[in-house]
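Here are some notes for a colleague on backbone geometry and ring contacts. Please read them alongside the model.

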Amino acid sequence: MKKVFCFLLILLLMLITGCTPSQVSGPAPFENSPAPDFELKDLKGNPVRFSDYKGKNIFLNFWSINCPYCLKELDELQSFFNELPENTLLITVNLDKDVEKVKAYINEKGYTFPVLSDPRGETIKKYSIRGIPLNIFIDCSGTIKTRIEGALTKSYIIDLIKSYDVIKKPA
């Protein structure tokens, strides 16, 4: 609980000291705006550039190992990942500093979805993250369609994606 409080306090301080959408360089990271690009490493240390996935629908999730709501949501994300629609990707971004602890947790739980590591909080400013978990649906043109703070269920995620009519229907 103390770690969660510290993490939230740090996020609040970042917002108070100038991490506001008007000061973020580039487009505002909200609905109907282009998703900001970033480059992070996956848990194996491989660099991943977000813009490399342009042309795909992306469900982007930001989380922390110190957030109980995030941890509960990870089971739902794994279930979603297991049945991922053909034209959609799931990308998760972990915001913790201790990458080894995150690797151990992911391995212990047997999660297989992609996890990018952002120990320096680079995406916090780019995406104006105010709270986690944060879930963002980005269409194949790279436009943010929906941004939801709070944990989601697999069925909600699927219904959300269906509402944008992006799940390919059988021919």
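Buried here means under 20% relative accessible area, exposed means over 50%, and partly exposed lies in between, with a 1.4 Å probe and protein chains only. This is a predicted model, in which local features need pLDDT of at least 70 and side-chain atom pairs count only at pLDDT 80 or more, while totals for chains, interfaces and linings use all residues. Residues are numbered from 1 along each chain as its sequence is written, and side-chain values use heavy atoms, with hydrogens and water left out.

1. Ser 128 has a positive phi of about 45° although it is not a glycine, and it lies in the loop between H4 and E6, where helices (H or I, at least four residues) and strands (E, at least two) are DSSP runs numbered from the N terminus. Ser 128 counts as buried because its relative accessibility is 3%.

2. Asn 32, also not a glycine, has a positive phi of about 65° and sits in the loop between helix H1 (2-16) and strand E1 (39-42). Asn 32 counts as exposed, since its relative accessibility is 60%.

3. The peptide bond joining Ile 132 and Pro 133 is cis, with omega about -5°, and Pro 133 belongs to the loop between helix H4 (122-126) and strand E6 (134-138).

4. The structure holds 7 aromatic pairs, counted when ring centres of Phe, Tyr or Trp (its six-membered ring) lie within 6.5 Å, with planes under 30 degrees apart called stacked, over 60 edge-to-face and the rest tilted. Among them, Phe 62 and Tyr 127 form a tilted pair, 5.3 Å centre to centre with 45° between the planes.
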